Amino acid sequence: MSEELLRLSKRMSELGLCSRREADEWIAKGWVRVDGNVVSELGTKVYPSQKVTVERQAAAEQSKRVTILINKPMGYVSGQAEDGYTPAVALIKPENRWADDPSPEQFHPTQLRSLVPAGRLDIDSVGLLVLTQDGRIAKHLIGQDTEIDKEYLVRVQYTKPGKLPDADLKKLNHGLWMDGKPLLPAKVRWQNDDQLSFTLREGKKRQIRRMCEMVGLKVVGLKRVRIGRVKLGDLPVGQWRYLSPEERF
């Protein structure tokens, strides 16, 4: 069976070298070699069996890219400014850095360049939001094949008489459909009388609120407390810290 040609930037992303956007930047700078030869033309195609390597400058530039964790307050949007609301990235300034941040990293305004949210957190939700300059981390967290789970604490009110039936709690765990597709299995359990813990492996828009509505629950508070192995911990609301080199999602 003959090999299929792939765009070099796509192949570099598949190999985990960088994101596609980074790949295009590195190709344009002449930092990418295919079978030992420099390739600097965007859109170049390669066979999967060809050897792709990058120059040291690319690795050095990539190592300077930062990932920031913020405890997003209510009223801030995750990404671009919209409808007069401020994006969470506006909080990334020296005075909002957590005093107990263990990272030796020094803040510099260049770290705000290409700093994008790796995942969404609704304007009326609070908690852990990841902003990164590293395309590999963004792909790892929000790529199509991600296995990273996210945990939320959700305060709810039951809008019907009595309390939520066990059968409906089971539905929250598995059995609901959204946008014409079945949701992936979740882990949903009571923390106390009015708070549920949700652990999800997908992130459809306003998913938890919509899931709750389907079984007669109204969400009155939603906080993300963990993404993969990285926890919100004691990070105060509105403050941020760097992801340390030894932390892995």
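Which residue stands opposite Arg33 in β3? The residue is Val38. This is a predicted model, in which local features need pLDDT of at least 70, side-chain atom pairs count only at pLDDT 80 or more, and totals for chains, interfaces and linings use all residues. Residues are numbered from 1 along each chain as its sequence is written, and side-chain values use heavy atoms, with hydrogens and water left out. Helices (H or I, at least four residues) and strands (E, at least two) are DSSP runs, numbered from the N terminus.

**Three-stranded sheet**
- The strand order β3-β2-β5 makes up an open sheet of three strands with antiparallel pairing; two strands pair if DSSP finds at least two bridges between them.
- At the edges lie β3 (37-38) and β5 (52-54), each of which pairs on one side only.
- Strand β2 (residues 32-34) is joined to β3 by two bridges, and the two run antiparallel.

**Strand β6**
- Six of the six residues of β6 are buried, where buried means under 20% relative accessible area, exposed over 50% and partly exposed in between (1.4 Å probe, protein chains only).
- Thr67, Leu69 and Asn71 point one way from β6, while Ile68, Ile70 and Lys72 point the other way.
- β10 runs antiparallel to β6 and is joined to it by six bridges; Thr67 stands opposite Thr132 in β10.
- β18 also pairs with β6 in the antiparallel sense, over three bridges, and Ile68 stands opposite Tyr242 in β18.

**Nonpolar cores**
- A nonpolar core is a set of buried Ala, Val, Leu, Ile, Met, Phe, Trp, Tyr and Cys residues joined through side-chain atoms within 4.5 Å.
- The largest such core has 33 residues, and Leu172 and Phe198 touch the most other members.
- Elements giving two or more residues to this core include β6 (67-72), β10 (126-132), α5 (166-173), β15 (195-200) and α6 (207-214).
- Another core, of 15 residues, lies apart from it, with Ala118, Val130, Leu141 and Ile148 among them.
- Phe198 touches Lys150, Glu151, Tyr152, Val154, Leu172, Lys187, Val188, Ile208, Met211 and Cys212, not counting residues up to four places away in sequence; contact means heavy atoms within 4.5 Å.
- In soluble globular proteins, nonpolar side chains tend to be buried together.

**Val77**
- Val77 lies in strand β7 (residues 76-77) and counts as buried because its relative accessibility is 5%.
- Not counting residues up to four places away in sequence, Val77 touches Glu82, Tyr85, Thr86, Pro87, Ala88 and Ile123.
- Gln50 is 27 residues from Val77 in sequence and 43 Å from it in space, C-alpha to C-alpha.
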